[in-house]
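Please keep the 3D view open as you read.

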Amino acid sequence: MSPTIELTIRLAAFTGVFLAMAVWELLAPRRRWAVGRTPRWPSNLGMVVVDALVVRLLIPTAAVGVALIASDRGFGLFHLLGWPGWLAGLLGFVVLDLVIYAQHVVFHHVPWLWRLHRMHHADLDIDVTTGLRFHPVEILLSMLIKIAIVALFGVPAAAVIAFEVVLNATSMFNHSNAAMPPGLDRLVRLFVVTPDMHRVHHSAVKAETDSNFGFNVPWWDWLFGTYRAEPAAGHDGVTIGLPIFRDRRELRLDRLLTQPFREPAEDETTASAVQSSPP
Ligand SMILES: [Zn+2]
Ligand SMILES: [Zn+2]
């Protein structure tokens with residue numbers, strides 16, 4: 001597959017899902033805003049541009065390129081075993097999803113990685129654009145991890161593209177402020193992480209931040225005991241964000257980029273206020 005077709009598929013899926021979720025949020029919002037769209041959307045969407053530029057400039061081949069090279073030269077576990085493409089694709093997809101789950105857990109527990117990832121959590125509301133708001137260094141590390149897995153397992157290129165497209169789509173879906181009937185949420189949550197499930201992960205209460213790490217399927221959280229059905233304060237009462245970086249200036253694009261390298265000393269009072277507030 002040519003890079004142009006790959007880019008077209010990814011852009012079309014991104015635009016389609018983004019618009020669908022933005023309209024859904026507009027017609028049926030789940031929660032009232034804390035700060036709303038205006039102070040957040042320019043910087044959250046600006047981060048998408050920064051991330052795309054950084055990855056394209058620094059890793060021109062990306063994961064799909066490595067998948068094609070692995071297939072050409074026959075390296076990677078699935079190629080060595082000679083397994084059929086559909087099986088290698090399916091297993092490759094599942095392996096990538098498990099690795100992204102594990103990576104997310106590690107980024108929460110290793111202090112210097114948490115500094116990179118906490119920018120994603122510092123958003124004061126959670127909506128479709130939060131699902132795109134990741135620090136470029138985190139995006140780069142994540143891409144390198146994906147490349148290593150693709151090379152190690154020989155994941156087929158089609159599965160890599162499918163995984164990237166699905167991950168991007170589910171991230172926009174499960175970060176959205178879209179309301180779903182409770183019955184539908186329970187059903188969908190068996191297979192895909194829903195907005196109500198991932199919102200728990202964006203609670204300012206640390207035990208809740210350290211739960212529901214999955215992006216695509218909820219199964220890893222069930223399996224590894226990190227699943228939490230809902231926030232203690234309920235979806236309307238939960239404080240979104242982190243106890244640190246609660247100043248609205250921290251929503252600016254330049255502040256987002258420098259957050260991993262700064263100490264949020266002046267915000268510590270707010271920190272204890274949020275942490276000690278009753279559920
Ligand atoms: Zn996280
Ligand atoms: Zn998130």
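## From the zinc ions to the aromatic pairs

The zinc ion (ligand 2) and the zinc ion (ligand 1) are 5.4 Å apart. Keep in mind as you look around that this is a predicted model.

Let us stay with the zinc ion (ligand 2). Which residues are its protein donors? They are His120, His175, His198 and His202, each through its NE2 atom, lying 2.1 Å from the ion. Read along the chain, the donors of this zinc ion (ligand 2) follow the spacing H-x54-H-x22-H-x3-H.

Why does the arrangement around the zinc ion (ligand 2) count as irregular? The four donor atoms subtend angles of 86 to 168 degrees.

Now turn to the aromatic rings, where the count comes to nine aromatic pairs. One of them joins Trp24 and Phe173, with 6.3 Å from centre to centre and 40 degrees between the planes, which is a tilted pair. Here too the pair links distant parts of the chain, with Trp24 in helix 1 (residues 3–27) and Phe173 in helix 8, 149 residues apart. Trp24 counts as partly exposed because its relative accessibility is 29%, whereas Phe173, at 14%, counts as buried.

Another pair to look for is Tyr101 with Phe213, which is edge-to-face: the centres are 6.2 Å apart and the planes stand at 90 degrees. Where do the two residues sit? Tyr101 belongs to helix 5 (residues 85–109), while Phe213 lies in the loop between helix 11 (206–209) and helix 12 (219–223), and the pair links these distant parts of the chain across 112 residues. Buried means under 20% relative accessible area, so Tyr101, at 6%, counts as buried, and so does Phe213, at 1%.

To finish, find Phe14, Phe18 and Trp41, which form one aromatic cluster.

Note on methods: Residues numbered from 1 in each chain as written. Chains lettered and ligands numbered in written order. Predicted model: local features only at pLDDT ≥ 70, side-chain atom pairs only at ≥ 80, totals over all residues. Heavy atoms only, no water. Donors = N, O, S within 2.8 Å, 3.2 Å for Na, K, Ca; no water. Tetrahedral: all angles 85-135°; square planar, octahedral: opposite > 155°, others 65-115°. Phe/Tyr/Trp six-rings, centres within 6.5 Å; stacked < 30°, edge-to-face > 60°. Helix = DSSP H or I, 4+ residues; strand = E, 2+ residues; numbered from the N terminus. Buried < 20%, exposed > 50% of the residue type's maximum accessible area, 1.4 Å probe, protein only.
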